[in-house]
Amino acid sequence: MIIAPRQHRLTPADRQRIAKARAREARLVELAEVAEQLARAKPDTPANRGKPFWTHCPICKTGRINFARSSRNGHLHARCSTEGCFIFMQ
Ligand SMILES: [Zn+2]
């Protein structure tokens with residue numbers, strides 16, 4: 001006798017949760033790519049520490065990313081000028 005697994009039907013709320021999770025995941029991937037591009041553009045060298053840089057934001061396409069490496073530890077700090085786009089420290 002074969003017992004079929006119980007059918008699970010997705011509710012509209014389930015579909016909405018899944019769509020939101022996928023959107024969050026896509027945004028994190030996008031943000032990781034931007035962080036990688038900035039880190040590659042300004043690697044942690046003495047010449048790049050403690051200086052402000054900027055570039056256009058590829059995520060929102062309208063903002064300006066202001067970024068800098070800490071003069072103390074070389075951490076990369078970045079923020080887009082578009083409210084709610086992103087801010088991170090790496
Ligand atoms: Zn942006």
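A residue is buried if 20 or more other C-beta atoms lie within 10 Å of its own, exposed if 12 or fewer, and partly exposed in between, with C-beta atoms placed from the backbone. Helices (H or I, at least four residues) and strands (E, at least two) are DSSP runs, numbered from the N terminus.

This is a predicted model: local features need pLDDT of at least 70, side-chain atom pairs count only at pLDDT 80 or more, and totals for chains, interfaces and linings use all residues. Residues are numbered from 1 along each chain as its sequence is written.

The chain holds 1 helix and 4 strands. Their order from the N terminus is α-β-β-β-β. Buried residues make up 8% of the 90 residues. The C-alpha atoms fill a box of roughly 70 × 30 × 15 Å along the principal axes.

Strands pair if DSSP finds at least two bridges between them. β1 and β2 pair in the antiparallel sense over 5 bridges. Pro-52 has Ala-68 in β2 as its bridge partner. Lys-61 sits in the loop between β1 and β2. Its phi is positive, about 70°, although Lys-61 is not a glycine. Lys-61 counts as exposed because it has 9 C-beta neighbours inside 10 Å.

A nonpolar core is a set of buried Ala, Val, Leu, Ile, Met, Phe, Trp, Tyr and Cys residues joined through C-beta atoms within 7 Å. The largest has 6 residues: Val-34, Leu-38, Ile-65, Phe-67, Ala-78 and Cys-80.
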